[in-house]
Amino acid sequence: MIRTVIAGSGSHIPERVIPNDHFLSHDFRDARQKTLDKSNEEILRQFESITGIRERRYAPDTMVTTDLAAHAAQQALQSSGTDGESLDGIIVAHNFGDVRAGSTHSDLVPSLAARVKARLGIRNPFAAAWDLVFGCPGWLQGVIVADSMIRAGDAKRVMVIGADTLSRISDPHDRDSLIYADGAGAVIVEARETDAGILAHAARSDALDYSNMLFMGSSFHPEAFLESLFLKMEGRKLYKYALNNVAGAMKEALSRAGVDARDIKKVLIHQANGKMDEAILAAFYELYGIDEPPAGVMPMTISWLGNNSVATVPTLLDLIVKGKMPEHSIASGDLILFASVGAGMHINAVVYRWP
């Protein structure tokens, strides 16, 4: 049987580390533009206890999203032993394009995928390059699209990249922005005659009722940023939505694959909020009558990488397969469940058997 297999991976983790105490002198305000009545020490303490984030990574001022994406892509090509000219498609999932340091303006033309292709020196005109915007689940949706192309016979090998620089569209006066970070991850997926690879996937979009939970809005200190827009979210509503819906989508993907939660070796989930991810995992296993998730089933990087949107899942995968998270490993035959949730609101999940 022809299935879609991950042939190699890569990631780019910026070297610039931003610990929580970096924000001790920030002027945090609420949506009414009023200064918060808590000290920054208390705000940061509560933030870490809820999200699990102690630090995050920001791209250097000299780099934009395309730079991060190209670095991750080059690693994926090298690790898979792939000649870029053999690619049938290049998909770059992102949400804000290239945003230069000191600006909040998105640069989207030409597409980031076209820029990455040029940066890699790929000449093949039939390696179509396009962008995909699907909120934080964008990279996983790119994998789903690539799988559909391969199953349809329209492609044999596709590169899928997830990259964002959320630090560039984070309101420094909004404590919710503390979760955001920068990074990039990439994979090469290809057609192989095998029983492994992608077994099934599921995706949903609840735009009618929930599209307003992540949006672009004015700074909580508008005098400081005239006419600039920043990423905003309805945190409590988003948490509730995710808890009520993500586990069901994960189960739907498993049902389509004909496997049970007890068969899953690892759950690689979008690193959005530590406690939220733990609650989603618990809700998922409860659907199968399992009171407590297996120990070590959900590797986490959010404590030191923060939420870097579309990059969280491919970066997590790359770190594990390259032995950079020694407490976790993936072996031949292991079943992996990928899952993500984000702006839209969108949810997706992929069931994958490691070759």
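Ser 309 sits in the loop between helix 8 (302-305) and helix 9. Helices here are DSSP runs of H or I with at least four residues, strands are runs of E with at least two, and both are numbered from the N terminus. The phi of Ser 309 is near 60°, a positive value in a residue other than glycine. Ser 309 is also buried, at a relative accessible area of 1%. Buried means under 20% relative accessible area, exposed means over 50%, and partly exposed is in between, with a 1.4 Å probe and protein chains only.

A word on the model. It is predicted, so local features need pLDDT of at least 70 and side-chain atom pairs count only at pLDDT 80 or more, while totals for chains, interfaces and linings use all residues. Residues are numbered from 1 along each chain as its sequence is written, and side-chain values use heavy atoms, with hydrogens and water left out.

Next, helix 9. It spans residues 312-321 and is mostly covered, with nine of its ten residues buried. Among them are Val 313, Leu 316, Leu 317 and Ile 320. Just after helix 9 comes Gly 323, with a positive phi of about 75°.

Compare another loop residue. Gln 33 lies between strand 2 (16-19) and helix 1. Its phi is near 70°, again a positive value in a residue other than glycine. Is Gln 33 buried or partly exposed? Gln 33 is partly exposed, at a relative accessible area of 37%.

Now the cis peptide bonds. One runs from Val 109 to Pro 110, with omega near 0°. Pro 110 is in the loop between strand 4 and helix 3. Another joins Gly 344 and Met 345, with omega about -10°. Met 345 is in the loop between strand 12 and strand 13 (346-353).

Five strands form an open sheet in the order 1-7-6-4-5, with mixed pairing. Two strands pair if DSSP finds at least two bridges between them. Which strands stand at the edges? Strand 1 (2-12) and strand 5 (128-132) do; each has a single partner strand, so one side of each is left without a neighbour in the sheet. Neighbouring strands are turned by 20° against each other on average, direction ignored. For angles in general, axes are lines fitted to C-alpha atoms, for helices over the stretch in contact, and values run from 0 to 180 degrees between N-to-C directions.

Walk through the pairs. Strand 4 (residues 89-93) and strand 6 run parallel, joined by five bridges. Strand 4 and strand 5 also pair in the parallel sense, over five bridges. Take Val 92: its bridge partner in strand 6 is Ile 161, and its bridge partner in strand 5 is Asp 131. Strand 6 and strand 7 (residues 182-193) run antiparallel, with nine bridges. There, Arg 157 has Glu 190 as its bridge partner. Strand 6 (residues 157-165) is mostly covered: eight of its nine residues are buried.

What packs on it? Helix 3 (residues 112-120) lies across strand 4, strand 5 and strand 6, at about 135° to strand 5. Buried residues of helix 3 include Leu 112, Val 116 and Leu 120. Their cover includes helix 2 (65-80), strand 4, strand 5 and strand 6. Gly 121 follows helix 3, with a positive phi near 75°.

Then there is Gly 142, in helix 4 (residues 138-151). Gly 142 is buried, at a relative accessible area of 0%. Beyond its neighbours within four places in sequence, Gly 142 is in contact with Ile 91, Leu 132 and Val 160. Contact means heavy atoms within 4.5 Å. Gly 142 and Leu 132 are ten residues apart in sequence, and 6.9 Å apart C-alpha to C-alpha.

Last, the pockets. The largest pocket has a volume of about 1300 Å³. A pocket is an open set of points on a 1 Å grid over the protein atoms alone, where a 1.4 Å probe fits, with protein on both sides within 12 Å along at least five of seven lines; lining residues have an atom within 4 Å of a point. Grid points are joined across faces, edges and corners, and the volume is the space filled by probe spheres set on them. The largest pocket is lined by 50 residues, and those nearest its centre include Asp 176, Met 233 and Arg 236. The second largest pocket has a volume of about 430 Å³. Its lining has 22 residues, with Tyr 58 and Arg 168 among those nearest the centre.
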